[in-house]
Amino acid sequence: MQAAATAALEAVTDVVDLDPDRELTERFRAGDRAAFDQLVRRHQQGVWQIVRRYVKRDADAADVTQLVFVRAFKGLGAFRGASSIRSWLYRIAINCSLSWIRDHRREETAEIDDDAISEAPAAPGRLAAGEDGVQLRAAIAKLPPKQKLVLELRVFDDLSFKEVAELADCSENTAKVNFHYAVKKLREILGGSHGRP
């Protein structure tokens, strides 16, 4: 029993030790507000990109991004460190984005925002081979929500399947399955023009 508890503690410690933001988090908890400013600078672009995938207008995405960091500021003292700060911030970003969409559903149209498509980073590797960014983003927009989330986190944010699973609130295996089906569905949508990975 004690061996299992020790192993679990070591696993949490390993996650914390691997988190490059650990020192900033500890400094913030000790009262150094400048440490939080550094966290914001380090993660603001990544958080904004996640929010922007959900929220169609830049101004709204900026507002939601600001809300993410307000919530993070209030919650960082209670952050347990079971995941990285980046994963934690991305989870807040996803939750805030989904809440914003729910609260502003009537204002949002079902159309794909061409500005969001053109500003999105191009997908790396074989997934984008032979297709320009606009066609790829339009195809991704047609995926079921969970598959879309998993694919975007894995491809555009270059997260591990473990991190993707944390953010998508599923097991690592489920994240891999959703990724597999997302890629398969993209091939169907794009006419099967992609070679197998």
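A residue counts as buried under 20% relative accessible area, as exposed over 50%, and as partly exposed in between. Keep in mind as you click along that this is a predicted model.

**Stop 1: an aromatic pair**

Select Phe 36 and Phe 73 and show their side chains. The two form an edge-to-face aromatic pair, with 5.1 Å from centre to centre and 80° between the planes. Now colour the helices: Phe 36 belongs to helix H3 (residues 33-54) and Phe 73 to helix H4, so this pair links distant parts of the chain, 37 residues apart. How accessible is Phe 73, buried or partly exposed? Its relative accessibility is 31%, which lies between the 20% and 50% cut-offs, so Phe 73 counts as partly exposed. Phe 36, in contrast, is buried, at a relative accessible area of 8%.

Together, Phe 28, Phe 36 and Phe 73 form one aromatic cluster. The structure holds five aromatic pairs, and another of them comes next.

**Stop 2: a second pair**

Select Phe 161 and Phe 179. Their ring centres are 5.5 Å apart and the planes stand at 75°; angles over 60 degrees count as edge-to-face, so this pair is edge-to-face. Here too, distant parts of the chain are linked: Phe 161 sits in helix H9 (residues 161-168) and Phe 179 in helix H10 (residues 172-189), 18 residues apart. Phe 161 is buried, with a relative accessible area of 15%.

**Stop 3**

Next, select residues 133-141 and 145-155, which are helices H7 and H8. Their axes come within 9 Å and cross at roughly 140°, and H7 and H8 are therefore oblique to each other. Which residues make the contact? On H7, show Arg 137, Ile 140 and Ala 141; on H8, show Lys 148, Leu 151 and Glu 152.

**Stop 3: a serine in a loop**

Finally, select Ser 84. You will find Ser 84 in the loop between helix H4 (58-75) and helix H5 (85-103).

Terms used
Residues numbered from 1 in each chain as written. Predicted model: local features only at pLDDT ≥ 70, side-chain atom pairs only at ≥ 80, totals over all residues. Heavy atoms only, no water. Helix = DSSP H or I, 4+ residues; strand = E, 2+ residues; numbered from the N terminus. Axes fitted to C-alpha atoms, helices over the stretch in contact; angles between N-to-C directions. Parallel < 35°, antiparallel > 145°, perpendicular 65-115°, else oblique. Contact = heavy atoms within 4.5 Å. Phe/Tyr/Trp six-rings, centres within 6.5 Å; stacked < 30°, edge-to-face > 60°. Buried < 20%, exposed > 50% of the residue type's maximum accessible area, 1.4 Å probe, protein only.
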